[in-house]
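Colleague: I'd like to go through this structure with you, one question at a time. Could you show it first?

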Amino acid sequence: MVHARKGKPPRVGDNIVFRRSLLGIVLVLVALMIVAPLVVIAVEAFSRGAVYFAESIADPDTRHAILLTVITALIAVPINTAFGVAAAWAITKHDFRGKRLLTVIIELPFSVSPIVAGVAYLFVYGLQGLFGPVLQSMEIKILFALPGIVLASMFVTAPFVARELIPLMQAQGRDLEEAATSLGASGWRTFFSVTLPNIKWALLYGVVLCNSRVMGEFGAVSVVSGNIRGQTNTLPLHIELLYHDYNAAGSFAAASILACLAIVTLVVKVALERQGAGRVQRPAALAGADSIIPETKP
Amino acid sequence: MRRRVLPGLPLALGITLVYVAIIVVLPLAALVFKAASLGPADYWRIISSDRAFASYRVTVLCALAATVFNLLFGMALAWVLVRYRFPGRRLVDALVDLPFALPTAVAGIALTTLFATNGWFGAPLSLLGIKVAYTPLGIIVAMSFTSIPFIVRTVQPVLEELDPALEEAGQTLGASDLSIFVGVILPLLTPALLAGVSLSFARSLGEFGAIIFIAGNQPFSTEITALLAFIRLEEYDYPASAAIASVMLLTAFVMLAITNLMQARALRYTVRG
């Protein structure tokens with residue numbers, strides 16, 4: 001049953017023939033372009049049966065890739081979160097020169113292709129890069145090892161937490177924090193008892209999106225990891241490797257793990273948006289931005 | 001009255017600057033430094049080689065095609081989500097973000113499997129004589145998929161805020177739906193559409209993971225610029241890789257400037273009071 005708003009005068013585009021055709025076309029395109037890729041992952045993952053699926057996941061190389069991906073996220077996401085909170089605190093609660101420039105630099109990785117990021121890291125830590133020779137003489141391995149993967153992941157996700165927090169904390173202003181410190185609260189106490197409760201949903205929202213990107217990052221990591229099977233292959237790289245080995249079922253089995261992560265991320269995202277997170281990002285929502293501030297307890 | 005200064009600036013700003021310097025600025029500066037050390041003649045020779053030019057051409061043309069498709073599809077999708085009530089609307093609304101949540105490599109193998117000549121879409125299309133996988137069409141499909149959410153998410157809030165009185169005024173004056181859409185609604189949506197278009201185009205220019213599986217990656221026909229930078233690296237031709245990556249970086253800066261301009265305009269038109 002498709003209907004326009006009940007009890008209201010018809011608006012532009014409410015003509016029944018137009019409405020049904022447009023809705024039909026859009027839903028078909030959504031099914032073909034967005035739903036079908038998800039379905040094909042599930043179908044291909046089980047194309048050689050559930051036993052083969054289980055064997056693919058339990059394969060030592062796949063297990064190692066999952067472990068490496070989880071370790072990368074466990075390092076990159078907390079550091080990124082600490083950075084995002086620090087950046088948002090500095091930018092929204094203080095005045096200093098160059099704030100605008102700093103904001104632009106923080107958002108920069110969002111515009112840079114992951115491949116460019118990977119290549120750039122090679123020219124810092126690679127043998128032909130700035131620190132490569134020094135690092136080699138000290139026998140420190142950054143590229144083609146875990147540190148390189150973590151660094152590249154931190155580059156591509158640098159803006160994720162900060163860009164959720166900055167618009168929200170900007171809209172909330174500084175009055176509450178100023179009141180707290182004038183009553184004698186320390187900086188940390190002010191942050192944990194006044195600021196954090198007001199930004200917790202947006203913070204979690206940023207962390208969830210950051211984690212999803214770290215676990216799924218392909219381009220930047222494929223440049224710096226060296227693709228050593230069972231050693232520096234993260235899950236997305238392992239999916240590519242299996243796919244090019246003509247092991248489609250194994251590749252899709254591994255891909256199904258990341259697809260599940262994507263679905264969980266979407267569900268959590270919707271739940272957090274109901275709590276008011278994420279909406280400040282939308283330009284028009286700025287007009288009523290104060291409505292997203294959780295009520296402060298007296 | 002002088003504002004009370006909140007504590008924590010040295011620590012917070014210190015962490016921020018160190019992180020930004022090590023993680024963001026240092027690598028990009030190293031890339032620019034490496035590309036600059038080539039000298040103008042060599043640099044120009046590399047970035048203007050036939051193979052590099054062919055890669056710019058296919059990347060830009062496919063990104064344009066994908067963006068035009070997303071402009072139409074994204075606007076229709078935002079319209080349907082805001083204006084119509086139908087069962088499953090919230091589900092569709094949530095699914096719009098799937099291309100952002102799904103890792104690009106996963107999207108790449110899924111789209112390739114769908115559009116391969118024996119795939120669900122590829123088989124019927126090949127009967128019609130249309131080949132998608134391993135052709136520029138495949139690149140367009142991958143680019144469209146990864147950038148769908150941009151236009152929907154920039155247009156949606158503007159449509160939600162649109163004042164019904166504007167349309168009613170047109171209706172009472174006897175204007176047709178089409179002329180109200182073209183004359184009243186579309187101009188109001190234009191800033192948001194342009195902001196979405198520039199984001200979508202910029203993302204398509206830099207996309208890698210989803211494309212390399214479906215593109216076929218033939219030099220001069222289906223090799224995107226990001227892949228060429230990657231291939232030069234695998235050939236240990238580091239200067240060439242640096243030069244090509246620097247072209248992509250410069251393009252990203254230009255697109256960022258355009259996007260910021262468009263978003264500032266979109267904000268000016270939507271924030272009231």
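Modeller: Here, helices (H or I, at least four residues) and strands (E, at least two) are DSSP runs, numbered from the N terminus. This is a predicted model: local features need pLDDT of at least 70, side-chain atom pairs count only at pLDDT 80 or more, and totals for chains, interfaces and linings use all residues. Residues are numbered from 1 along each chain as its sequence is written, and chains are lettered from A and ligands numbered from 1 in the order in which they are written.

Colleague: How many helices does chain A have?

Modeller: From the N terminus on, its elements run α-α-α-α-α-α-α-α-α-α-α-α-α. Chain A has 0 strands, and its helices come to 13.

Colleague: What is the mean pLDDT of chain A?

Modeller: pLDDT is the predictor's confidence in each residue, from 0 to 100. In chain A, 91% of the residues reach 70 or more, and the mean is 88. Over residues 281-298 of chain A, though, the value is below 50.

Colleague: How far apart are the end C-alpha atoms of residues 66-270 of chain A?

Modeller: An unreviewed UniProt entry annotates this stretch as "domain: ABC transmembrane type-1"; such annotations may be inferred rather than shown by experiment, with positions given in the numbering used here and feature names shortened. The stretch is 78% helix and 0% strand, and its end C-alpha atoms are apart by 26 Å.

Colleague: Is A:Val12 buried or exposed?

Modeller: You'll find A:Val12 in the segment before helix H1 (16-45) of chain A. A residue is buried if 20 or more other C-beta atoms lie within 10 Å of its own, exposed if 12 or fewer, and partly exposed in between, with C-beta atoms placed from the backbone. A:Val12 has 24 other C-beta atoms within 10 Å, so A:Val12 is buried.

Colleague: Which residues is A:Val12 in contact with, leaving aside its neighbours within four places in sequence?

Modeller: Two residues are in contact if their C-beta atoms, placed from the backbone, lie within 7 Å. Leaving those neighbours aside, the partners of A:Val12 are B:Glu167, B:Asp177, B:Ile180, B:Phe181 and B:Ile185.

Colleague: How are H1(A) and H6(B) placed relative to each other?

Modeller: H1(A) and helix H6 (residues 104-115) of chain B pack at an angle of about 85°, with their axes 9 Å apart. Axes are lines fitted to C-alpha atoms, for helices over the stretch in contact, and angles run from 0 to 180 degrees between N-to-C directions. Angles under 35 degrees count as roughly parallel, over 145 as roughly antiparallel, 65 to 115 as roughly perpendicular and the rest as oblique. H1(A) and H6(B) are therefore roughly perpendicular.
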